[in-house]
Amino acid sequence: MASHRRPKQPSHGYASVLTATATAAVTVALSAQSASADPLPDPNKKGVQAQIDRLYEEATQATEKYNGAKEAAGKLKKEADSLQDSVARKQEALNELRRQLGSVATAQYRSGGLAPSLQLLLSADPDAYLDRASGLDRLSARQSETLQRFLSQQRGLQQQRGEAAEKLGSLQDTRKELGEKKAEIQGKLAQAQRLMNTLTAEERAERAAEEQRANRNSERVDLGNEASASGRTASAFDAAKSRVGMPYVWGAAGPGSFDCSGLTSWAFRQAGVSLPRTSQAQANFGTRINSLSALKPGDLIIMRTDLSHVGFYAGNGQILHSPKPGAQVRYESIARSGMPFMWGVRI
């Protein structure tokens with residue numbers, strides 16, 4: 001029968017020696033590893049830098065909303081101005097008709113009294129005249145036509161005045177939204193700057209050096225030999241390439257500074273093509289290209305799930321864009337941009 005006796009335990013003194021020896025060995029090993037390895041990054045500082053990057057991203061997203069509101073405000077102002085000009089012209093034409101009808105009334109008064117029909121016309125409610133069609137025979141055919149025209153133009157004038165007032169109300173609301181978006185962007189950039197100020201001089205220098213490296217790499221990027229888009233798209237792409245090195249400025253559309261959609265809209269404007277101002281509108285302006293592999297240099301690239309970033313496909317997996325505050329117009333790897341590709345657009 002096999003023995004089940006417990007093995008003899010080492011003495012207490014011997015166990016203590018083993019424990020001490022093992023602890024010392026681990027301590028020595030860890031000390032040696034710490035001495036040879038780079039110091040671990042401060043997780044708090046990494047968190048601060050991530051917050052700064054997030055605020056810059058949110059600022060660029062808000063910038064596209066600001067651009068949209070600004071474009072809408074410009075369109076509404078043009079429409080309101082046009083309606084007001086039309087109202088002024090119609091008012092003048094109405095005044096002329098009123099003078100003509102007044103002349104008729106004066107002539108009739110001098111020849112023996114004012115016709116009841118003209119009394120109705122010149123009253124506070126000339127529309128009431130049309131409800132009494134039997135009175136039309138008291139006017140000549142020419143006078144009746146003038147009266148009809150007067151009343152029709154009066155109604156049209158009132159309608160256009162209402163439309164102009166509505167446009168002006170929408171313009172006021174849009175301008176309010178514009179101010180709110182501007183305040184939001186400035187607030188995020190100011191918050192990012194406050195966080196930046198908590199970094200050490202060395203850490204700020206490292207961030208600046210990283211941006212400078214990205215800008216310098218843009219000068220040496222390999223764009224491959226892909227066939228470029230042709231015609232006006234090629235001209236727009238050439239215009240964008242001439243802007244490499246220009247700074248990102250929110251709301252800017254060239255020629256010396258740009259945000260993302262400001263660069264693309266400016267470049268196409270140089271080629272005689274009028275693009276919408278925002279990345280979201282540009283995303284649906286041309287022919288959609290769903291695959292990166294099907295893009296040609298010069299096609300637009302739409303980035304982020306909210307479509308808040310746009311640039312030019314430059315070839316060889318690169319994007320030419322104005323990426324964010326503190327950066328310059330540059331070439332950059334799409335894969336390393338940190339923004340998901342949504343689709344391309346061929347104008």
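I count two residues as in contact when heavy atoms come within 4.5 Å. Axes are lines fitted to C-alpha atoms, for helices over the stretch in contact, and angles run from 0 to 180 degrees between N-to-C directions. Helices (H or I, at least four residues) and strands (E, at least two) are DSSP runs, numbered from the N terminus.

Background first. This is a predicted model, where local features need pLDDT of at least 70 and side-chain atom pairs pLDDT 80 or more, while totals for chains, interfaces and linings use all residues. Residues are numbered from 1 along each chain as its sequence is written, and side-chain values use heavy atoms, without hydrogens and water.

Entry one: the sheet. I find six strands in an open, antiparallel sheet, ordered S1-S6-S2-S3-S4-S5 (strands pair if DSSP finds at least two bridges between them). S1 (287-289) and S5 stand at the edges with a single partner strand each, so one side of each has no neighbour in the sheet. From one strand to the next, the twist averages 40 degrees. S2 (residues 300-303) pairs with S6 over four bridges, and Ile302 sits opposite Trp343 in S6.

Entry two: helices on the sheet. I see H6 (residues 231-241) lying across S3 (309-315), S4 (318-321) and S5, at about 100 degrees to S3. H7 packs on the sheet too, touching S2, S3 and S4, at about 60 degrees to S3.

I looked it up in the loop between S5 (330-333) and S6 (341-346). Is Met339 buried or exposed? Met339 is buried, because its relative accessible area is 11% and buried means under 20% (1.4 Å probe, protein chains only). Beyond its neighbours within four places in sequence, Met339 contacts Met303, Arg304, His309, His321 and Ile334.

Terms used. Buried means under 20% relative accessible area, exposed over 50%, partly exposed in between (1.4 Å probe, protein chains only).
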